[in-house]
Amino acid sequence: MLNRRHILTAATIGGAAALFPLGRMMDPPKTRHVPEAPPEAPAAPAHAGDEDRSLAHAVPFAQAMPIPPVLRPTSTSASSEVYRIQMAETRVEIVKGLQSTVRAYGGCFPGPTIRALRGREVVIQQTNALDVPTTVHLHGGHTPSLSDGLPMDLIQPGGSREYRYPNNQVAASLWYHDHAHELEAENVYRGLHGAYLLSDPHESSLPLPNGEFDIPLLIRDARIEADGTLSYVSPYECPHMLVNGKERPHFAVAARKYRLRVYNVAPNRHLSLRFADGAHFTQIASDGGLLAAPTALDELTLTGAERAEIVVDFSRYPVGTSVVLENTAALDSERPEVLRFDITRKAEDPSRVPSVLATLPPVPKATVEREFFMETFPDTRINGRKYDPDRPDIETALGTSEIWTIHNWPNRRPAGVFHAPHSFHTHLVQFRLLDRDGRPPSPGEAGLKDTIAIYPGQTVRIAMTWNDYPGEYVYHCHHLVHSSHGQMGRIDVLPAEPKQPAARQSGK
Ligand code: C2O
Ligand code: CU
């Protein structure tokens, strides 16, 4: 498990600023400083000509946190739900009193929540009313290649495309987001992301908090200028932290247990979340579904695109009090506060967290091993290569189990060069973490994963089976500025055994 010092180091030396594709570059951040406690005093008033100061000190907790609306199907058949979503620019209030233009799914920022059931197909007709190309990827979904939202399967402005999701996998907090070639970082930053909550009979039979006590928290950073403009800049220039589209909101809760589905939808950074009073909470699920057993935590670190579900018991707080969720990986540009929970009422609480949550499938026994180097300098690459949609980097066969050893250090290590954290993600399948720097996974990382943090100097080994669907897929860094710059590879899952040299000679 990462200790705090390690995370701080990783955050401090993060190279994303130097890699950001815009003119506005930043020096690498200085040593991070987080005050012992958030100040009680409201922000200083804005001064003309001192925009950054007024932005950075915007009043926290000025707005209530919304819950993204659950999208209604346009039709339902015996085996599927059909939805329609239009991607379009929309004006929203992110910072209180300011109007910002975002790229939105269905007029919502974040996009509307899709609720799906295992075994029932979801069909989404996506229409692109933006002036940039898009594709839509269901992150964590076991999805046929044609519906996977590959970088070149673009929906041009004015076009539309149908995505079909079989939902042939266990209950999990998935999400959908843009994946357009070299544009995904900006498109996601500008708003193209939404939650996709897949349920199944086993999960819904558990006595976990549900209904109004089951809440997605989509967390990300942003920079809103004094006139409301959403600027696309590096995390080091983002003073604002958004939960469900509002800047550092407050949320009224009952004094009981809640299930919080925590998403790091920030395009380019990790978050380390803890309650200001150090209270423990219980992690029950990771990216791909329920853990085998709950695990107690006092801090939750999520790399870009990672999810965790936690159960928090607010009955420890008297009605009328508040507790703040903080990000201990806050950058110099930011305040640590993320979200304030206000305990406003008592409530019955029949929910509980069972000591056994799920039976995980066995860890795949690999027959193929591969090695990857996540490189930061001179550019973000994997094994020295930039993503080329026309070049398969890996071929495998349906049903093959593999172990991938992934290093976040260069194969030729130039002296004195530091490296960025990377977030490694594979499409199509959930994988299992075998070890990190030779040590077994922490309980929260021992379940089904589709995204994993690799901090500078680290090596992780993951195991997966390429099952479900043959076709073209990708794996990439989920710090999306890195993937947009080519830190991505193509894997082709072949329907049969990969061609052996012997097979090529079969015509003899
Ligand atoms: Cu969340 Cu390839 O993406
Ligand atoms: Cu990366």
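Colleague: How many helices and strands does the protein chain have?
Modeller: Helices (H or I, at least four residues) and strands (E, at least two) are DSSP runs, numbered from the N terminus. By that reading the protein chain has seven helices and 32 strands. This is a predicted model, in which local features need pLDDT of at least 70, side-chain atom pairs count only at pLDDT 80 or more, and totals for chains, interfaces and linings use all residues. Residues are numbered from 1 along each chain as its sequence is written, chains are lettered from A and ligands numbered from 1 in the order in which they are written, and side-chain values use heavy atoms, with hydrogens and water left out.

Colleague: What is the mean pLDDT of the protein chain?
Modeller: pLDDT is the predictor's confidence in each residue, from 0 to 100. For the protein chain the mean is 88, and 85% of the residues reach 70 or more. Residues 1-51 have a pLDDT below 50, yet this stretch has 96 contacts in the model beyond near neighbours in sequence; contact means heavy atoms within 4.5 Å. Residues 502-508 also stay under 50, and there the model has zero contacts beyond four places in sequence. Where pLDDT is low, the predicted coordinates should not be read in detail.

Colleague: What percentage of the residues in the protein chain is buried?
Modeller: Buried means under 20% relative accessible area, exposed over 50%, and partly exposed in between (1.4 Å probe, protein chains only). Buried residues make up 58% of the 508 residues. As for contacts between residues at least 6 apart in sequence, 77% join residues at least 24 apart.

Colleague: Which residues coordinate the copper ion (ligand 2)?
Modeller: Donors are N, O and S atoms within 2.8 Å of the metal (3.2 Å for Na, K and Ca); water is not among the atoms, so sites may look incomplete. Here the copper ion (ligand 2) is coordinated by His422 (ND1), Cys477 (SG), His482 (ND1) and Gln487 (OE1), at 2.0 to 2.2 Å. Histidine 422 is in strand E27 (residues 422-426) and histidine 482 in helix H6 (residues 480-484), so the pair, 60 residues apart, links distant parts of the chain. The spacing of the donor residues in sequence is H-x54-C-x4-H-x4-Q.

Colleague: Why does the arrangement around the copper ion (ligand 2) count as tetrahedral?
Modeller: Four donors count as tetrahedral if all angles lie between 85 and 135 degrees; four count as square planar and six as octahedral if opposite donors are over 155 degrees apart and all others between 65 and 115; anything else is irregular. The four donor atoms of the copper ion (ligand 2) subtend angles of 97 to 128 degrees, so the arrangement is tetrahedral.

Colleague: Is cysteine 477 buried or exposed?
Modeller: Cysteine 477 counts as buried because its relative accessibility is 0%. Histidine 422 and histidine 482 are both buried. Cysteine 238, at 1% relative accessibility, is buried as well. A disulfide is a pair of cysteine sulfur atoms within 2.5 Å, and by this rule the count is zero.

Colleague: What does the side chain of threonine 101 make a polar contact with?
Modeller: A polar contact is a pair of N or O atoms within 3.5 Å; within protein, one must be able to donate a hydrogen and the other to accept it, and residues adjacent in sequence count only if both atoms are side-chain atoms. The side chain of threonine 101 makes one with the side chain of arginine 91 (3.1 Å). Threonine 101 is in strand E3 (residues 100-105) and, at 31% relative accessibility, is partly exposed. Leaving aside neighbours within four places in sequence, threonine 101 is in contact with Glu89, Thr90, Arg91 and Leu230. Leucine 230 is 129 residues away along the chain, while the two C-alpha atoms are separated by 6.7 Å.

Colleague: Where does arginine 307 lie?
Modeller: Arginine 307 lies in strand E20 (residues 307-313). Its relative accessible area is 2%, so arginine 307 is buried. The side chain of arginine 307 makes a polar contact with that of histidine 139 (3.2 Å).
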